[in-house]
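Here is a short briefing on one chain. Look over the sequence and the fold first, then read on.

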Amino acid sequence: MTLTTDRRRHDREILALAVPAFGALVAEPLFLMADSAIVGHLGTAQLAGVGVASAALTTATGVFVFLAYATTAAVARRIGAGDRRAAIQQGIDGIWLALALSAAVVALTLLLAPQVADVLGASPTAAPYAVTYLRISALGIPAILMVMAATGVLRGLQDTRTPLYVAVAGFAANLGLNAGLVYGAGLGVAGSAWGTVIAQTGMAAVYVCVVVRGARREQASLRPDAAGIRASARAGGPLMVRTLSLRAVLMIATAVAAGLGDDEIAAHQIAMTVFLFIAFALDAIAIAGQAIVGRHLGAGDVPGTRAATRRMIEWGIGSGVLLGLLVVVARPLYVPLFTPDPAVQHQLNTVLLLLALCQPVSGLVYVLDGVLMGAGDGPFLAWAMLGTLAVFAPAALAVPSSGTGLAGLWWAMNLFMLVRGGFLAWRARGGRWLVTGAVRS
């Protein structure tokens, strides 16, 4: 096989997995956007309450994203090893783990909803709406976590199209239900929460049907297996540490920006919106990396793993360059859409240049993060993120006293990506992560 043919084969595989994954990733935040758009017409207090509740729910469920990542890697390994039955069984264990975890999260959310609204700064007028939305939405948490785990199953099976179809259908259902329940039934904020819960439950039901059909076809057991659930939890633990460390970085950055002034925090939040949208695009390549690397290592194909990794790195860096240029060139088009304030625009234009400057590094970071997740190298990813946090935190916290303003904070954000990229590139150059076999021992 020639080098050109090999590259084309990798390109086809990466695109086949990454493009639908990107669509599904973009569809997910549309749930909250739809809620905000519909509730916004009820009043400011209602919108503020839903905003606070949405932030709490995103945090409460986001820390469990390892249910998708760890399941993808474990299932893909077994697919590579040629054992589809064990692959689906591993996915079922992940879904049972999601249900077990959700029970605790639901109980805490129902119990502590008023305290959460208070801690997140909900005003006396917004707090009742936040509590209502939180308590009803808590009933959808099991569905959210099950969707994460089931998405990981399908990604591991090299299927990113089904999650895209389910996400799009779920968003459409959510939009229709919310409009009908909020205005048609006159339920207000409660109607918005119920609409989202029903849509999320429907998505989970579709995923369960897909997984159950696959389990019956392969004669895999649907019963919870204690050993398998423990294995899923062990694999996911380090990835949870990684996710918490990443969220700590984002929280520190937001807190520092808030302390700099109103113009600065406004510009920072807009820049973070751009940052997170770009992250969806780059994370789609990372998801392809999880599935492809896991399959190659499960098949014992180290050269194939290396070749696929090199090509994905090229895709990641190239995408980062393109997206960085787009951020800069398109500023006159999208900046006025976010804010008409000249002072905020001035801050934002500087920050966006710094954000764009680091996108090639971001592309490398996202790809290698996905590659190492696919290899099941969670403990290293946890330590690397903790080390990166240890570098970023003092740099960010020194910004107010340094007088560098919001630009200084985004230099610290770029430092965060550079240090993270250094850790991941160092690991990828070595061979300790290249553990082959159906199960990473």
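What radius of gyration would a compact globule with 441 residues have, and what does the chain have? A compact globule would be near 22 Å, and the chain has 22 Å, so the two agree. Keep in mind that this is a predicted model.

**Overall form**
- The C-alpha trace spans about 60 × 50 × 35 Å along its principal axes.
- The chain holds 17 helices and zero strands.

**Packing**
- Of the 441 residues in the chain, 52% are buried.
- Among contacts with a separation of 6 or more, 84% link residues 24 or more positions apart.

**Surface and charge**
- The chain carries 29 positive side chains and 20 negative ones.
- The centres of these two sets lie 10 Å apart.

**A closer look at Ser102**
- Ser102 sits in helix α4, which covers residues 84–119.
- Is Ser102 buried or exposed? Its relative accessible area is 2%. Buried means under 20%, so Ser102 counts as buried.
- Which residues does Ser102 touch, leaving aside those up to four places away in sequence? Ser102 touches Ile141, Pro142 and Leu145.

Technical notes. Residues are numbered from 1 along each chain as its sequence is written. This is a predicted model: local features need pLDDT of at least 70, side-chain atom pairs count only at pLDDT 80 or more; totals for chains, interfaces and linings use all residues. Side-chain values use heavy atoms; hydrogens and water are left out. Helices (H or I, at least four residues) and strands (E, at least two) are DSSP runs, numbered from the N terminus. Buried means under 20% relative accessible area, exposed over 50%, partly exposed in between (1.4 Å probe, protein chains only). Contact means heavy atoms within 4.5 Å. The radius of gyration is taken over C-alpha atoms; the globule rule is 2.2 Å times the number of residues to the power 0.38. Lys and Arg count as positive and Asp and Glu as negative; His and the chain ends are not counted. The place of a charge is taken as NZ of Lys, CZ of Arg, CG of Asp or CD of Glu.
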